[in-house]
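Here are my notes on the model you sent over.

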Amino acid sequence: MPALTSPHVAAALVQRIREGSWEAFADTAAAVGYCSRPVRLVGSSTTVDATSGEVVSTFNSEDAPLGALYRRCGNRRAHVCPSCSRLYARDTFEMIRAGVQGGKQVPQDVADNPLLFLTVTAPSFGHVHGTRPNGGACRPRRRDDRTRCPHGRPTWCQRRHDDGAEQVGSPLCSGCYDYTGHVIWQWWAPELWRRLTIEVRRTLAAGLGVAESRLKDAASIQYAKVAEYQARGMIHFHALIRLDGPADGGIGSPAPAPADGRDLADLIRDAVGRVAFTAPPAFPDDPGHVLRFGAQVDVRTVRAGSRTDDPAGPLTPAQVAGYLAKYATKDATSAAGPDRRGTPHLRRVKDTCRQLHEHSTRRRVRCRATDPEYVDPYSLIGKWAHMLGFRGHFSTKSRRYSVTLGALRRARVRWQAIAEESRRTGEPIDTADLEARLLADDEETTTLVVGAWAYDGTGWETPADAALATAAASRAREYGQWKAAMKYTNHTETEGFWA
Ligand SMILES: [Zn+2]
Ligand SMILES: [Zn+2]
Ligand SMILES: [Zn+2]
């Protein structure tokens, strides 16, 4: 990340000041939150009072400081746009937290319902180098127990690896590692998750003694889930799972106790163990793959108010929201390391995706000869090679878990309009029910915006401007962290979040 003091950025700054365009640039960059690659639009719009037909205001991009309307890129991924990624993480944090302890128009009753933080992993496809708790050795073996694999490579590793070390996540022997199994599992991971949600509902209905089709009258499972890459390039899922009462009781209606007296954690742990999926053959003579989650399943209770450093103890809502928000902005590149080319291991995972794609193409040609409607289940696997074969969403939630990210974004736009109006008129902002008004479902239609816009391009005008914006974003971020730390003692105010 370029610093404000780097010669490149300093030169851009001097150039802008000399041209007299520094202020225009600074205003524009601030308005898009120092987005790294904003979208530029040209055109105009007119705001009309819908009842009187009176023109309230007009806006033309020619009058904008840099001659175009700049909008945030809105990208979730930190390496593409640190600023928009942070905003996404912040909204995800608030969305997750509201589902745990209420707030943002989610009733506080949600905090009374059973809440779990579940992590499910992929099974092993071969031994990989890794960091061990308490800085232990990677794969220690006694001297008299040191056997070699069929390829003549050691099956032990006495070294202690650091977190970001190149070897971490790579197999001890790439010849022994089951790359095909790895990629096929990853390809079907979203299907395994889908089956888990069905299995949890089925088990819950049985526990409550109701028919599965009637479960919604007794209870509902709400969740927010993110996918995260491990160093070995495998996805694992983290999910926050909440048991609510009847669906028509609204978000956070009182949860029933399962009739057989088991708690939600046991029920979910058992369900994870039972979920299986037989993957369709991926290549000629494919022996078949019965896919399951890995044996490493972690289920932890989340409780408001219980702050503890015990690794097995309950998690606090803020901890969980923080984890999930952080994971939600990561992608395959975070597993592949900063140069994005990835380790030889991750490159081989991508190659395996492409090989399975070639098999798929040949199979499709063959099968279409007799069945013109044939669709091959692996036909898109090559397209997802850069994601190491994972085609699912990185962040999903059930419908009634919490407030939606869309509602949070809409509220921010409304807030900006209210703040702008207040600046223009000098009238103070009416803070009564402010949050409720910002998050309200109904779109107020007293004014109409009529406009014609055309896409002009993406990004800042010059690489130097982009570097300047990115440098400013990191300064803004430091300031934001400082402000957040200050606010911790003061409680969050509605205005603070939206501004
Ligand atoms: Zn952006
Ligand atoms: Zn090792
Ligand atoms: Zn081997």
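What is the geometry of the site of the zinc ion (ligand 2), given its four donor atoms? Keep in mind that this is a predicted model.

1. The site of the zinc ion (ligand 2) is tetrahedral, with angles of 105 to 115° among the donor atoms. For reference, the ideal angle for four tetrahedral donors is 109.5 degrees.

2. Who holds that ion? H129 through ND1, C138 and C157 through SG, and H161 through NE2, at 2.0 to 2.4 Å. Along the sequence these donors run H-x8-C-x18-C-x3-H. C138 and C157 both sit in the loop between β4 (115-120) and α4 (179-208), 19 residues apart, and the pair links distant parts of the chain. Both cysteines are buried.

3. Now the zinc ion (ligand 3). Its protein donors are C149 (SG), H151 (ND1), C173 (SG) and C176 (SG), lying 2.1 to 2.3 Å away. Their spacing reads C-x1-H-x21-C-x2-C. This arrangement counts as tetrahedral because the four donor atoms subtend angles of 103 to 117°.

4. C173 has a relative accessible area of 6%, so it is buried. C176 comes out at 40%, which means it is partly exposed.

5. Just after α3 comes G102, which takes a positive phi of about 85°.

Technical notes:
Residues numbered from 1 in each chain as written. Chains lettered and ligands numbered in written order. Predicted model: local features only at pLDDT ≥ 70, side-chain atom pairs only at ≥ 80, totals over all residues. Heavy atoms only, no water. Helix = DSSP H or I, 4+ residues; strand = E, 2+ residues; numbered from the N terminus. Donors = N, O, S within 2.8 Å, 3.2 Å for Na, K, Ca; no water. Tetrahedral: all angles 85-135°; square planar, octahedral: opposite > 155°, others 65-115°. Buried < 20%, exposed > 50% of the residue type's maximum accessible area, 1.4 Å probe, protein only.
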